[in-house]
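Me: I am new to this structure and would like to know what stands behind the words used for it. Could you take me through it?

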Amino acid sequence: MGKAIRFTVEAPDAETARSRVDDLCQKFLTNPVIEDAKVTIE
Amino acid sequence: MKVGVVVFPGSNCEFDVVEGVGNAGGDAELLWHGDSSLGDVDAVVLPGGFAHGDYLRPGAIARFSPIMGAVSEFARGGGPVLGICNGFQVLTEAGLLPGALQKNAGLKFLCRSVDVRVDSTRSGLTSGASAGQVLRLPINHFEGNYTCDQHTLDALQAEDRIVLRYVDNPNGATDNIAGICSPEGNVVGLMPHPERASDELLGSTDGLVLLRSFLAVADRV
């Protein structure tokens, strides 16, 4: 694992939160050319 | 004719580029990343350094700087854009060039001069050089290992967009890639620093042929 990023997302439900974080991963938190992301909601 | 050199928080080669452009016979001015306009410049350089820090990934945050909208528009309109080192990383993160720069094979920061070969003269940076010409240029990076998927590599090769290759690959880059260009050739990114090889005092003037090409293209646009 290269890095772990932990943060709070305000969303009406877990599905919306996951969708937002997936989008964030694609556009910012990871570079899809060289990185994969695994999202876990706690 | 004027070259704009974008300064991000953490850029550290902007004055080198201004000097290098001057050594090549051009004029350059600094542009601030927080501005949303490029003013009246005829060409844009994204210099080396650590734009916004490399904490997340080199170039990851810089692509969101206000000026990058104007840089993208300028590039898409055919304007000459050059990304050197961290500037190359910013261009890939911004989607203006394909692929990515990952950590060097061997995980060592590399700071030395290397030989690179001009393999395509269809870019704005290499149009005044000769195919096969070998240039001695400094590299200074930790994430300079160019990578991309096979489809992208096939396209880069087929379209003659790999403008510079390392003679002796220092960082593990795919296909020895040191620099690539956009399909139109006006956007170019490279890891070596031509501006640091632009005066005899610096030990090499091999970068001048590249900087002069870039200036000549900017003059024609």
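Reply: Gladly! Val116(B) stands opposite Tyr166(B) in β9(B). This is a predicted model, where local features need pLDDT of at least 70, side-chain atom pairs count only at pLDDT 80 or more, and totals for chains, interfaces and linings use all residues. Residues are numbered from 1 along each chain as its sequence is written, chains are lettered from A and ligands numbered from 1 in the order in which they are written, and side-chain values use heavy atoms, with hydrogens and water left out.

Me: What makes β6(B) and β9(B) a pair of strands, and in which sense do they run?

Reply: Strands (E, at least two residues) and helices (H or I, at least four) are DSSP runs, numbered from the N terminus. Two strands pair if DSSP finds at least two bridges between them. Three bridges join β6(B) to β9 (residues 162-166) of chain B, so they pair, and they run antiparallel.

Me: Which strand pairs with β6(B) over eight bridges?

Reply: That is β7 (residues 134-141) of chain B, antiparallel to β6 (residues 110-118) of chain B. Here Arg112(B) stands opposite Ile139(B).

Me: What makes a β-α-β unit in chain B, and why is it called right-handed?

Reply: Its parts are β1(B), helix α1 (residues 14-23) of chain B and β2(B). The name right-handed means that, with the strands pointing away from the viewer, the path from the first strand over the helix to the second runs clockwise. Strands β1 (residues 2-7) and β2 (residues 27-32) of chain B run parallel and are joined by six bridges; Val7(B) has Trp32(B) as its bridge partner.

Me: Why is the pair Glu35(A) and Arg57(B) called a salt bridge?

Reply: The term asks for a side-chain nitrogen of Lys or Arg within 4 Å of a carboxyl oxygen of Asp or Glu. The closest N and O atoms of Glu35(A) and Arg57(B) are 3.5 Å apart, so the pair qualifies. Across the interface of chain A and chain B, the rule finds one salt bridge.

Me: How do you know how much area chain A and chain B bury between them?

Reply: Buried area is the accessible area (1.4 Å probe) that two parts lose on being put together, summed over both. For chain A and chain B this is about 820 Å², 63% of it on carbon and sulfur atoms. In contact (heavy atoms within 4.5 Å) are 10 residues of chain A and 13 residues of chain B.

Me: What does the salt bridge between Glu42(A) and Arg6(A) tie together?

Reply: The closest N and O atoms of Glu42(A) and Arg6(A) are 2.8 Å apart. Glu42(A) lies in the segment after α1 (14-29) of chain A and Arg6(A) in the segment before α1, so the pair ties together parts that are 36 residues apart in sequence.
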